[in-house]
Amino acid sequence: MHGNKEILAVQNLSKVYDKEVLKLDKLSFQQGKIYGIIGPSGAGKSTFLRIANLLEAPTAGDIYFKGNIISMNGGTALAARREMTMVFQKPLLFRASAADNVAYGLKARNYPKDKIQERVETLLEKVGLKGFAGRNATTLSGGEAQRVALARAVAFEPSLLLLDEATANLDPSNVELIEQLIMDLNRETGMTFIMVTHNIFQAKRIAHEVVFLHEGRIVEMGETKQIFTTPQDPRTRDFVEGRMIC
Ligand SMILES: Nc1ncnc2c1ncn2[C@@H]1O[C@H](COP(=O)(O)OP(=O)(O)O)[C@@H](O)[C@H]1O
Ligand SMILES: [Mg+2]
C-alpha cells in the first residue's frame, strides 16, 4: 500500500533441497500488519519462514530488511536478527522458571534488572499467567508453555514476529488467547506478524493480508477478505473452500 514502510522483502528467492521447494519472484511485507501465509502441507511455508528469520540461507535470491539488503554472514544480518524472532509449533523453553524464560532476551540485551522484573510481570499478566513467575517451565501445560514462549518472544519488542503453526497443538481457549494477544500487540505497538498456518480459519480471523503458497510458489496474495470471498485463482478457491487436502 502506498505510504507504508516495508519491513521485509524477498526477490528472486529460490531454495533447492533435492528439488526446488521455493521459488518466489517478489514478496514484500509492510510494517504494522498481520500477515497469514497459508497453503497445504509441503507448500514451503516453514522453509520460507526459516529463510525470512535468517536461520537458513536461500540457494539464490535477495532478502531485504527495512530496505537494506541482507548479507547472511555480515553485520546487516546481525542487526536484522536483533529485531525479529520466531515462535515455533512446539514451545522451546529452558528448564527454568517462567519468569527466567521471559527474561532471557532482556538479559541478553542488557536491560536493567529492575526493568526486567517489571516487564516480566507485565508480560506474564498479559498472557494470562499472573502468579506463574516461579513455576518451572517443565510443569506447564502445552498452552501455558506456548504463552510463556510468546511472552519471551515479544519481551524485547521485536519489530517482526514470525510464527510457524504456533497454535497448531493447542486447545481452542488457548488458541483464542494467543490470537487476541497477537491482535492486541499489533494494535498497541505496531509489531508486524507473519503467521504461517495451514488453518485457514485462523488466517481469516486475524490476518490483514494473506499469501497463498502452493508447491513453493505464490498463487495469490491480497487482503484477507478478498482472498476468502473473491479468490482469483481456482487453486486458491479450492484451498479456502476446503477442497484441497492440507
Ligand atoms: N531440510 C530439508 N531437506 C530436504 N527437504 C526439505 C527440508 N526441509 C523441507 N524440505 C522439503 O521442502 C518442501 C517444503 O517443506 P516445508 O517448508 O516444511 O513445507 P510446509 O511448512 O508448507 O509444510 C517439502 O517437500 C519438504 O519435504
Ligand atoms: Mg511447516
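Rings of Phe, Tyr and Trp (the six-membered ring in the case of Trp) are taken to pair if their centres lie within 6.5 Å, with planes under 30 degrees apart counted as stacked, those over 60 as edge-to-face and the rest as tilted. The model is predicted, and local features therefore need pLDDT of at least 70 and side-chain atom pairs pLDDT 80 or more, whereas totals for chains, interfaces and linings use all residues. Side-chain values rest on heavy atoms, without hydrogens and water, and residues are numbered from 1 along each chain as its sequence is written.

Phe29 and Tyr35 belong, together with Phe48, to one aromatic cluster.

Phe212 and Phe239 form a stacked pair, with 5.0 Å from centre to centre and 25° between the planes. Because Phe212 lies in strand S9 (residues 209–214) and Phe239 in helix H9 (residues 234–240), this pair ties together parts that are 27 residues apart in sequence; helices (H or I, at least four residues) and strands (E, at least two) are DSSP runs numbered from the N terminus. Phe212 is buried, at 0% relative accessible area, and Phe239 also counts as buried, at 1%.

Methods: Chains lettered and ligands numbered in written order. Buried < 20%, exposed > 50% of the residue type's maximum accessible area, 1.4 Å probe, protein only.
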